[in-house]
There are 2 protein chains.
Amino acid sequence: MTSFADQLTERIATLGNPTVVGLDPRLPQIPEFIRKKAKSPAEAVVIFNRGIIDAIADLVPAVKPQIAFYECLGPEGLQAYAETVKYAKSKGLLVIGDVKRSDIGSTAEAYAQAHLDPASALAADAITVVPFFGGDGIRPFTEMAHKHGKGVFVMVRSSNPSADEIQGQTLGDHLMDEHIATLVEGWGRDYIGKSGFSLVGAVVGATYPEEARVLRNLLPNQIFLVPGYGAQGGTAEDVKPCFHANGTGAIVNSSRGIIFAYEKDGKPEAYAEAARTAALAMKKELEALF
Amino acid sequence: MTSFADQLTERIATLGNPTVVGLDPRLPQIPEFIRKKAKSPAEAVVIFNRGIIDAIADLVPAVKPQIAFYECLGPEGLQAYAETVKYAKSKGLLVIGDVKRSDIGSTAEAYAQAHLDPASALAADAITVVPFFGGDGIRPFTEMAHKHGKGVFVMVRSSNPSADEIQGQTLGDHLMDEHIATLVEGWGRDYIGKSGFSLVGAVVGATYPEEARVLRNLLPNQIFLVPGYGAQGGTAEDVKPCFHANGTGAIVNSSRGIIFAYEKDGKPEAYAEAARTAALAMKKELEALF
């Protein structure tokens with residue numbers, strides 16, 4: 001079984017594109033013509049996502065549905081999440097479920113089953129998790145991922161303004177996120193694939209480039225999943241420190257900037273083409289870095 | 001609108017019982033006769049939970065479904081979660097959704113809508129959240145809770161062995177969980193009800209009684225939701241520091257110890273009666289404290 005890190009690394013190299021498209025289908029931003037023809041908000045989400053996926057599947061290695069935007073539609077929304085995951089996989093995309101789950105070990109086992117066990121309708125190829133509970137809350141995810149060729153991205157530094165309130169606190173001579181990085185390195189050490197990357201990756205926000213430089217050094221074998229590009233203010237120059245010098249080791253997410261790109265030119269019927277154009281533009285911006 | 005903290009405080013006083021029953025329906029532990037008659041695992045969960053709820057609704061102020069044990073059954077499991085929440089409310093119980101959600105602000109808004117907006121099928125009376133992202137990831141939850149008379153319990157100290165790996169790290173002269181406590185106090189300051197408690201509570205594990213003493217002093221206006229009692233090793237004596245000296249300000253959870261109490265005497269048909277007996281025994285243990 002090829003590890004998730006190896007699969008992702010290979011797809012990035014083949015496509016020459018380290019972009020992940022965030023599927024955050026905020027209902028009010030889904031074009032009205034779709035919401036009108038759909039029988040339910042959940043169906044509108046599925047129709048919208050299919051259009052985006054068809055438009056970008058040959059361009060990017062992965063998509064990242066943010067489960068909160070499905071959960072807010074109730075159980076039907078979770079069904080739409082499951083259908084989105086399935087459809088994206090059928091188009092050859094890797095799917096990173098942005099679920100940010102975390103709990104004590106016995107509960108984390110149930111979350112791992114929900115999101116990483118291939119028998120589950122909600123199972124993605126990799127998920128995001130939060131390290132707040134320490135190692136025994138992470139192990140069920142990494143073990144399940146190892147068993148099924150899946151991946152886990154642990155939150156190390158989030159992209160939001162108040163990230164410093166916990167992640168940026170000082171422990172002696174280093175910051176909390178650097179301490180978390182050393183934990184993540186340990187959690188991933190036994191799971192390094194042929195690509196040199198572990199199935200345990202790290203989430204590092206585009207909005208803290210100085211900190212990203214430090215974290216990159218602490219985590220040589222981690223793929224960085226980088227949120228915060230575009231709508232949140234991160235630029236191509238900002239994400240550069242998340243990559244190794246040879247241009248590998250990171251995947252940069254854009255959600256609103258791609259899937260709702262149509263809002264700029266005001267042609268909702270052409271939302272999928274607008275998404276493709278935005279994805280191509282982002283590819284160019286990232287290509288220019290290395 | 002009565003605030004959640006006031007509602008909970010009143011129900012605890014009326015029943016003379018600060019117990020919350022954790023509805024963690026681990027499938028293999030649901031009696032076989034239920035799993036056989038149910039058409040699906042999700043239906044077995046609903047039948048099992050109804051039996052428990054009927055048996056304890058007049059004894060305890062609240063139940064706490066752990067969403068991970070529903071999520072692992074896929075979208076149908078989330079439907080079972082929604083039905084459980086609805087049924088428990090119909091029996092007069094307050095429902096604390098143990099969802100431990102967390103993300104950056106714009107995503108936390110969607111989670112708040114999912115779990116605290118009365119229009120959502122998944123909405124409980126209060127939920128647990130994780131403070132990893134700092135204040136802008138918490139505010140959407142507290143604002144939604146304030147708007148709808150709901151509550152939020154922020155993780156401060158979890159009950160698991162590896163909690164120290166992050167929460168127990170030293171920042172100058174205090175621990176990370178104490179730093180989080182000062183944040184939680186700030187997040188809850190504007191939302192203190194007639195009972196003297198804020199809609200923003202704190203999760204403090206029964207397994208760290210020394211730390212609970214410190215946190216209790218830092219958080220005079222927070223109701224503590226206390227996991228880790230019973231199956232995880234916490235005793236009545238261990239939870240005592242989570243209460244104020246007058247016996248108010250905390251609610252103690254037991255999940256496995258109550259809902260699967262039948263396993264001790266081996267009579268699965270009488271699982272509901274066994275749960276009631278275990279809940280009564282726990283009430284007595286806690287009564288003896290004050």
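Biologist: How many residues of chain A are in contact with residues of chain B?

Modeller: This is a predicted model, where local features need pLDDT of at least 70, side-chain atom pairs count only at pLDDT 80 or more, and totals for chains, interfaces and linings use all residues. Residues are numbered from 1 along each chain as its sequence is written, while chains are lettered from A and ligands numbered from 1 in the order in which they are written. Two residues are in contact if their C-beta atoms, placed from the backbone, lie within 7 Å. On chain B, 48 residues take part, and the number for chain A is 48.

Biologist: Which element gives the largest share of the side of chain A that touches chain B?

Modeller: Helices (DSSP H or I, at least four residues) and strands (E, at least two) are numbered from the N terminus. Those giving two or more residues to this side include α4, α5, α7 and α8 of chain A. The largest share is six residues, and it comes from α6(A).

Biologist: What kind of axis relates the two copies?

Modeller: Superposing by least squares on the C-alpha atoms of residues with pLDDT of at least 70 in both copies, chain A can be laid on chain B with an RMSD of 0.0 Å, by a turn of 180° and a shift of 0.0 Å along the axis. The two copies are thus related as by a two-fold rotation axis.

Biologist: How many of the twelve residues of helix α6 of chain B are buried?

Modeller: Buried means that 20 or more other C-beta atoms lie within 10 Å of a residue's own C-beta, with C-beta atoms placed from the backbone. The buried residues of α6(B), including B:Tyr111 and B:His115, pack against α4 of chain A together with β3, β4 and α7 of chain B. Helix α6(B) is largely enclosed by the rest of the structure, because the number of its residues that are buried is eleven.

Biologist: What arc do the buried residues of α13(B) cover?

Modeller: Among the buried residues of α13(B) are B:Tyr271, B:Ala275, B:Met282 and B:Leu286. An α-helix has 3.6 residues a turn, so residues three or four places apart point the same way.
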